Amino acid sequence: MSTEIADRDATIVAPEQASPDASRRGAPVHHRDFVEKVAGTLPYADDWGFPGMLHGVVVRAQLPSARIVAIDTSAARAVPGVRAVLTAADVPHNGIHDEASGLGVDAIQQPVLAADRVRYDGEPVAVIAAETPGAALEAAGLVDVEYEELPGVFDPEEALRDDAPAIHAGGNRYVDWRSSIGDVDAAMRSADLVVEETYRSQRVDHAYLEPEAGIGWIDSDGVLTLRVSTQVIEHAREIAEILKLPHSRVRVIASYMGGGFGGKEDMTIEPFLALLVWRTRRPVRMVWTRQESLLARYKRHPFTMRYRTGVRRDGTIVAQDVRIVGDAGAYPLLSSRVLFAATVNATGPYRVQDARVESTAVFTNNVPTSAFRGFGAMQVVFGYESQMDRIAELLGLDPAEVRRRNFVQRGDLRVTGEPIDTGVGVGECMERVLAELGPPSRPSGPHSRIGRGFACSMQPYGRSVFFADRASAWIGLEQDGTMVIRAGVTDLGAGQAASLANIAGEILGVTVDRTSVHIGDSALTPLTGGTFATRQLYMSGNAVLKVARSLRSKLEPVAAALLECEPAQLSFEDNRVSVGDRSLTMAEVAQAAEHQGVMPYVHETFEAETGEFDRETGRGRSFPDYTHGAHAAEVEVDESTGQVRVLKYVACHDVGRAISMQRVEGQIQGAVAQGVGYALSEDVELVDGVPSSTLFAEYLIPSSVDLPDIRAIGLELHPGKGPLGARGIGEPPIGPSAPALASAIQDAVGVRLQRLPMTPERLLDALQAARGASGSVAS
Amino acid sequence: MSKHEIALEVNGRPVSATVDPNMSLLELLRTEAGGLEVKLGCGEGVCGTCTVLLDGEPVNSCLTFAVQVDGRAVTTVRGLAAEGELHPLQEAFLTHAGSQCGFCTPGMLLTAKWYLDRHPRADREELRSALSGNFCRCTGYTKILDAIEAYRDARQEVSVVD
């Protein structure tokens, strides 16, 4: 593998110094999809159509907890143009199987269409296909469902009580995780100070600008084919199970996504579309509305995190005891895995000799929660970083110094008992962001206060090692020397396809303009696994690197014979293979190879490192590696309104090696924008399971005026486990924003918020409470 | 519902259609005028994804009725440059990675072009305000502003040389 690059000194290295060719790699690479995007010509999932296609809609429950007594579809069927009205009884196998944890948590099947019971507001109960969208919508309004309302439970703590209404047969406690190292109780007793605080995060929507969409048809080979906006083409297998078809009879093609962020990791429209296509034998298109997406699409888990931390007077952590409760909503989805990630990351980038982390995912009658950029490991950043600041405050120490005294290093053990086996650059990142904020801004008005804060984080990349993750790829040369890459990766807009062209090009010397990357087709591209868990650069990137090297070693003897040199003397660059001043075009090499029966293509599989994890003891190997970073922010708080403006923002991550520094910066900046929205404004508010609004106007994602320029710094400090030493960067930068801003707000106005989002109302309440408290002390 | 005959120009080409009174300009463009580059983001006029220029002014095409555009000229992102070519602003988005998933890009480009045409020397903060009605969920806006500023500067250099 490619990680045998010598670790650099743990000093701060500017990107341009860190690798001599960084500027070349950072140069804009105009991969085809980006050209089409700015031209407006890239087809997204909603941009394909067929003559004679039908239009599908989902009929959704309008209450969060009920028994379905009867469904009468006769009026809906009578609408002219309606071709199918399907309910649970029409689904061949009405259960989405998912044992997501990989560690034997009991699987609970989620129905495709609710059969006898509704468990959340917006749950699908029927699907309709009609000749026009209007007819489908009219019919949807005529599906008559008779409900018997049942008591619901909406608060995770209440859901854990013995007398709470059970949402599933096994009760509401879905999964518990527990990891510990050392003797936390004894260590806690030995501490000079024990700091106990509780932090709360909220339910968040992905708010990708492209709503869930796609089209399905039965192709000329008889295969049920879906072209959808999805992160995971491997769902083809689940769709086949639902329809009781052989896996080989279902094909999923992923279009370029208009954003995903984890929200298109579980299936969206696929099972509904598949049912309608299979039943009508007609092409069917389905697009969810924004309001439907806000109502019923799976969200980020709200967490309640109780941290008890024992420290010495000098700020050294001696014991860390964490308890996390996550609201899974009505169905399991990926909750077991999200809470697992939360558990093993809850102690952050700090040494823990004696620690215990426990977590529980709880069923409620709220909209289900599942994957979202950061995946459990981002919520806990608000917990452990707020806790570090609180420790510094109580001990009268510099918060940066408290962190310096506790940062993990390579070789240290995590709470799971596993060692960290790559270099840790979190300290360098922290020093860098603290130095980068520049001179403080001046307040803009008499009620305005300026404050600064920072936060550090670690976030895994790659799937948990016990999944024994694999990714395959195929690379071939055409007779004219152009290159074809086939890999089942899906592209979220982060340049997943473009990166593969860059990596293969670096080995084979074929330029991006002479490369075609075929991605995301479960029938025709070797499977890589989905685009999630910040795994694609690690997995498909390593797969493509492995295949490219293998193809190069196949071509080298052919070229060496023609150029009369040793294979090791050859260089592959700019579509030529050369030695000294003699060279061949890639076309000549490809033709010569084929002529000799050396076929110029290779298919291979990259296997990630594997390991075992014991669910009972909570010990073993969890994630392959981590990306570390630190953010610093300056805010202005208006004490009269509670309004927070972010004035400056610096984010720095150790990316090991950047395949494209520009795309690294883009990932950091975009994640920060989402992190700021999560910190200050975004909240899917439910009242007894029912959203207070499903308007996009009420869901406040940051606009251009809500953010300052985000200074993104990618350091190439410690090689990671991705191709050429890269570390994943898709998810890591979303975690630190909330605690960095909480810290900045505290610096500005003296109050610390422990609940997200930190809205003007909450901040005003806290300011008033603080004034009241200090007033009573004074009197 | 009575149908209406309308005629308009889309990127300089005549388009005529018979439409329901409640049809949106967005639906008209996507279904009758081959305008798949105009994207639906929210349908509430909030996100700006569906922005087009109507007689040179940006509108949310999801909230504009098709019947309102009878006799008027619509510009979509494909009207910025000749077929097969890129406008320098589009080039700047490419060079500066102002586009990630690309879904907001058509609307973003049109708003930026409109604003700079009227305010050729707009500074970064003015540009930031001008984009406030066009949401982007991927980039954090920083590289979008870098791209627009680069285009502004390049254009000013050209006009100085002229």
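**Contacts and spaces**

Mentor: Let's begin with the interface: chain B and chain A bury about 3800 Å² between them, with 56% of it on carbon and sulfur atoms. Within chain B, Leu94(B), Gln100(B) and Arg137(B) lose the most area to chain A, and together they make up 22% of what that side buries. Keep in mind that this is a predicted model.

Trainee: How many residues does the contact take from each chain?

Mentor: It takes 51 from chain A and 43 from chain B. They count because contact here means heavy atoms within 4.5 Å.

Trainee: What makes the meeting of Asp47(A) and Lys39(B) a salt bridge?

Mentor: Set the value against the cut-off. The side chains of Asp47(A) and Lys39(B) meet at 2.4 Å, N to O. The limit is 4 Å between a Lys or Arg side-chain nitrogen and a carboxyl oxygen of Asp or Glu, so the pair qualifies. The count between chain B and chain A is seven salt bridges, and there are 29 residue pairs in polar contact, both at pLDDT 80 or more.

Trainee: Which helices of chain B supply at least two residues each to the side that touches chain A?

Mentor: Those are H2 (88-95), H3 (105-118), H4 (124-130) and H5 (142-161) of chain B. H2(B) gives the most, with four residues. By class, that side of chain B has 20 nonpolar, 14 polar and nine charged residues.

Trainee: What lines the second largest cavity?

Mentor: It has 23 lining residues, with Ile96(A), Gln110(A), Met267(A), Tyr298(A) and Leu333(A) nearest its centre. Helices H8 (235-243) and H9 (270-280) of chain A each supply at least two residues. The lining has 14 nonpolar, four polar and five charged residues.

Trainee: And how do you know which elements line the second largest pocket?

Mentor: Lining residues have an atom within 4 Å of a grid point. For this pocket of about 780 Å³, 36 residues line the space, and among those nearest its centre are Gln643(A) and Asp706(A). S27 (644-654), H18 (661-680) and H20 (760-778) of chain A, together with H4 of chain B, each supply at least two residues. S27(A) gives the most, with four.

Definitions and conventions:
Residues are numbered from 1 along each chain as its sequence is written. Chains are lettered from A and ligands numbered from 1 in the order in which they are written. This is a predicted model: local features need pLDDT of at least 70, side-chain atom pairs count only at pLDDT 80 or more; totals for chains, interfaces and linings use all residues. Side-chain values use heavy atoms; hydrogens and water are left out. On a 1 Å grid over the protein atoms alone, a cavity is a set of points where a 1.4 Å probe fits but cannot get out, and a pocket is an open set with protein on both sides within 12 Å along at least five of seven lines; lining residues have an atom within 4 Å of a point. Ala, Val, Leu, Ile, Met, Phe, Trp, Tyr, Cys and Pro count as nonpolar, Asp, Glu, Lys and Arg as charged, and the others, Gly among them, as polar. Buried area is the accessible area (1.4 Å probe) that two parts lose on being put together, summed over both. A polar contact is a pair of N or O atoms within 3.5 Å; within protein, one must be able to donate a hydrogen and the other to accept it, and residues adjacent in sequence count only if both atoms are side-chain atoms. Grid points are joined across faces, edges and corners, and a volume is the space filled by probe spheres set on the points.
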